[in-house]
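Trainee: I would like to go through the aromatic pairs and the chain contacts of this model. Please show it first.

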Amino acid sequence: MLTAEDKKLIQQMWGKLGGAEEEVGAEALTRMFCSYPPTKTYFPHFDLSPGSDQIRGHGKKVVAALSAAIKNIDNLSQALSELSNLHAYNLRVDPPRFSLQFLSQCLQVSLATRLGKDYSPEVHSAVDKFMSAVASVLAEKYR
Amino acid sequence: MVHWSAEEKQLISSVWAKVSVEECGAEALARLLIVYPWTQRFFSDFGNLSSPTAIIGNPKVRAHGKKVLTSFGEAIKNLDNLKGTYSQLSELHCDKLHVDPENFRLLGDILVIVLATHFTKDFTPACQATWQKLVGLVAHALARKYH
């Protein structure tokens with residue numbers, strides 16, 4: 001799974017965002033709704049127009065969770081335990097393995113558009129592995 | 001029959017016009033081999049794939065990446081007939097190369113990320129959506145002749 005080098009690259013990359021994390025969250029969601037319309041079915045109660053307060057608010061939440069996970073990267077199970085319960089018992093989003101793929105792709109595109117060449121193959125690999133690990137943890141309690 | 005709006009065609013061609021097929025192809029294939037190392041199973045005769053640096057500098061990877069993306073260019077010229085364009089390649093990937101079609105989806109997603117690193121903020125959500133649609137359809141066309 002995540003090597004020491006991967007963890008370092010992720011923390012460094014996240015540090016490079018310089019406060020733009022919240023924008024990244026909102027943008028990732030916007031991109032996801034745009035590229036993968038079925039994901040909108042989980043947000044019938046939201047105003048999904050780009051830049052909406054709800055997308056911004058939710059993007060902020062998602063990024064805060066990822067930030068916390070990155071700070072506790074050695075114990076993702078614990079860091080994401082409540083979110084894991086939430087996704088399994090309340091939200092019941094189609095097993096994260098599938099939906100998170102779309103969020104992972106769109107988050108990575110959002111990061112790549114900001115970091116350009118700095119989103120190197122090594123960073124790309126580390127982030128992809130990280131998002132995969134996050135998805136696994138979120139799916140732990142599904143059944 | 002797939003429908004492409006005028007806007008989608010414009011988003012595809014305007015991006016493609018600025019793409020270096022050689023550079024982007026090499027990069028996309030290298031990233032596939034780095035991010036999803038199990039894909040190296042298809043390239044055992046490519047020589048040194050032992051590290052990201054080795055993969056990125058490997059001339060066979062670069063050459064093959066260019067080949068793959070050149071073929072993508074053909075798809076872009078034939079957006080209304082992706083199935084026909086990829087018919088033979090589909091058979092080849094099934095019968096001779098034995099490639100699991102899931103890998104086409106992985107490469108497609110990687111290509112989108114490579115484009116994002118090159119075009120940065122110009123790679124808008126609408127642009128990404130169009131390209132995700134395209135890579136998805138290409139992957140589908142390549143899987144079509146599997147049996």
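Mentor: What follows is a set of questions and answers on a predicted model.

Trainee: How many aromatic pairs are there over all chains?

Mentor: A pair of rings is described by the distance of the centres and the angle of the planes. Ring centres within 6.5 Å make a pair. Over all chains, the count of aromatic pairs is 9.

Trainee: Are the rings of Trp16(B) and Phe72(B) stacked, edge-to-face or tilted?

Mentor: Stacked needs planes under 30 degrees apart and edge-to-face over 60, and the rest count as tilted. The centres of Trp16(B) and Phe72(B) are 6.3 Å apart and the planes are at 35°, so this pair is tilted.

Trainee: How many residues apart in sequence are the parts that this pair ties together?

Mentor: Trp16(B) belongs to helix 1 of chain B, residues 6–17. Phe72(B) belongs to helix 4 of chain B, residues 59–77, so the parts tied together are apart in sequence by 56 residues.

Trainee: Are the rings of Phe72(B) and Trp131(B) stacked or tilted?

Mentor: The ring centres of Phe72(B) and Trp131(B) lie 6.4 Å apart. Their planes are at 10°, and under 30 degrees counts as stacked. The pair is therefore stacked.

Trainee: Which helix of chain B holds Trp131(B)?

Mentor: The pair of Phe72(B) and Trp131(B) links distant parts of the chain, 59 residues apart. Phe72(B) is in helix 4 of chain B, while Trp131(B), in residues 125–143, is in helix 7.

Trainee: Is Trp131(B) buried or exposed?

Mentor: Buried means under 20% relative accessible area. Phe72(B), at 7% relative accessibility, counts as buried. Trp131(B) is at 0%, so Trp131(B) also counts as buried.

Trainee: Which residue lies over the face of Trp4(B)?

Mentor: Here the partner of the ring is a charge, which must be within 6 Å of the ring centre. At 4.6 Å from the ring centre of Trp4(B) lies Lys133(B).

Trainee: How many salt bridges are there between chain A and chain B?

Mentor: In the contact between the chains, 21 residues of chain A meet 23 residues of chain B. The two chains bury about 1,900 Å² between them, 58% of it on carbon and sulfur atoms. There are 10 residue pairs in polar contact between chain A and chain B. The count of salt bridges between these chains is 0.

Trainee: Which helix of chain A gives the most to the side that touches chain B?

Mentor: Helix 2 (21–35), helix 6 (96–115) and helix 7 (121–139) of chain A each supply at least two residues of that side. With 7 residues, the one that gives the most is helix 6.

Key. Residues numbered from 1 in each chain as written. Chains lettered and ligands numbered in written order. Predicted model: local features only at pLDDT ≥ 70, side-chain atom pairs only at ≥ 80, totals over all residues. Heavy atoms only, no water. Phe/Tyr/Trp six-rings, centres within 6.5 Å; stacked < 30°, edge-to-face > 60°. Helix = DSSP H or I, 4+ residues; strand = E, 2+ residues; numbered from the N terminus. Buried < 20%, exposed > 50% of the residue type's maximum accessible area, 1.4 Å probe, protein only. Lys NZ or Arg CZ within 6 Å of the ring centre and 35° of its normal. Contact = heavy atoms within 4.5 Å. Buried area = accessible area lost by both parts, 1.4 Å probe. Salt bridge = Lys/Arg side-chain N within 4 Å of Asp/Glu carboxyl O. Polar contact = N/O pair within 3.5 Å; in protein donor to acceptor, adjacent residues only side chain to side chain.
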